[in-house]
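Hi everyone, thanks for coming. Let me put the structure up, and then we can walk through a few of its parts together.

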Amino acid sequence: MREEILNLLEKNSRLTEKEIAAMIGAEEEAVAAEIKAMEKEKIICGYHTMVDWDKMPDEKVTALIELKVSPMRGEGFDRTAERISKFEEVSSVYLLSGSSSDLIVTIEGQTLKEVSHFVAAKIAPMESVLSTATHFVLKKYKDHSVMFEVEDDEDERIQIMP
Amino acid sequence: MKNPLSNTVVQIKPSGIRKFFDIVSEMPEAISLGVGEPDFDTPWHICDEGIYSLEKGKTFYTSNSGLLELRTEICKWYEQKYEVHFDPRKECLITVGGSEGIDLALRAMINPGDEVIIPEPCYVSYLPCVELAGGVPVSIPLKNENQFKLKPEELLDALTEKSKILILSYPNNPTGAVMTREDLLPIAEIAVEKDLIVISDEIYSELTYGTEKHCSIGSLPGMAERTVIVNGFSKAYAMTGWRLGYALAPALIAEQMTKIHQFAIMCAPTTSQYAAVNAIREGDKDIERMRQSYDKRRRFLMKQFEELGLPCFEPFGAFYVFPCIREFGLTSDEFANRLLQEEKLAVVPGNAFGDCGEGFLRISYAYSIDELREAMGRIERFITKLRNEKSSC
């Protein structure tokens, strides 16, 4: 049941417990209890909204920073990754396989300058960080399986068909 | 001027859906639960294969029966899934949608006066296609209390000396009914005993819910030689606009169907055929993803009907529910018209699918949950109003 609930919520977190229960053929109380439990266990870590900020007037900049990091004895990359994660400006941190970079970090800020400054002042000087490569995002096409720029999302089907 | 028209064609009743459609299309603000096609886009890997075939310049006719590669894949797939064996060279024909397959099968088999048994409610093309082919349609009104399955005694009652063909369509449009292997066995026995040919329209075969998967009547004892299976890519792979279907039939029948197809159509669209090869090879996971999504919506609607106290048998196939609206004392047309005028919601009156569909509505759940939620809110408001009207007079 957990997987079914998660699949539904991941796509649409506004579904009510009652609706989820109907859709998966379970009792409403049971669904509510599972969701509570998964929130507690941090399987469900939050309920967010997909926003295309490009459509808002305010400027917003996103950058992907590739980091080459020297692993620490006994802790590998965890310590560095966790330290970077603590910064509010950082929205995601992933550890990668492959040799070109170890961590990829997403940073959000108001301006290019602000983001560059943050990288130069906070990330690059960290002892374990060997090198950084900053890529500014020019345009987001798809995120969390959602296409941002769908030109014609209207239902084009003929309304009444046998 | 001579009468330019064919009497046979003129006598055919226009589809009941047509006039309702005309009203709906005047109301752009209305929302609809009236479509008969998936709301999913064709999976991209399938589109991509179609595009690639164009890039490679595959823009010529294929053989009349269709690409052998595609026919081979279809026969293999059908055998694996539904335990029916057909020879891709002689017993498989690629058609322009499932509808062409129905028409071809009827035209290939009917002699003037032959009776074709049509259990109703059913898809709207069977009856006119029988008439166009010179046959005599014999309707069997199926019953809500039997969950719109065809019962052996109903079939026996409809048989005469002239009975030749039975059209079976499960999972069913418009009722969503399915027939399991157990349900089909006695029907198959009658078909064998009474020498009937069955045209089995299995276009919704991939969309079944609950524990039982679709069973093809062609897989039952004695049926392989007397079953024409019609299926296609529209519903299973969300490929309605590609217009691609197929018929599997004993060589004797397939040969004559191919003859008509050759003269009338030449061959099914080449681009669609290449896309379909990819669909059948790599599309099973897409079918499953869409099926699960429909199933959730189906349950969502059933729950809502239960709460509204609107009687509706649980359908285990296709993407339709077929609730009964007799309690309101309105005909299906009246109900659907008022629902459209007063709540701006379009559904299809059940009688569009045969007289015995009177008193029912076909509601499609090929819509997002958000759309279904909004639509059900409108239905709730409407039937609450009707119930209040009734209790106050």
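Helices here are DSSP runs of H or I of at least four residues, strands are runs of E of at least two, and both are numbered from the N terminus. This is a predicted model, where local features need pLDDT of at least 70, side-chain atom pairs count only at pLDDT 80 or more, and totals for chains, interfaces and linings use all residues. Residues are numbered from 1 along each chain as its sequence is written, with chains lettered from A and ligands numbered from 1 in the order in which they are written.

Now over to chain A. Which residues of helix H2 (17–24) are buried? They are A:Glu19, A:Ile20, A:Ala21, A:Ala22 and A:Met23. Buried means 20 or more other C-beta atoms within 10 Å of the residue's own, exposed means 12 or fewer, and partly exposed is in between, with C-beta atoms placed from the backbone. Their cover includes H1 (2–11) and H3 (28–40) of chain A, plus H11 (284–308) of chain B. Just past H2(A), A:Gly25 has a positive phi of about 70°.

Finally, the contact between the chains, counting C-beta atoms placed from the backbone and lying within 7 Å. Chain B brings 19 residues and chain A brings 11. On the chain B side, H2(B) gives the most, with five residues.

Note on methods
Two residues are in contact if their C-beta atoms, placed from the backbone, lie within 7 Å.
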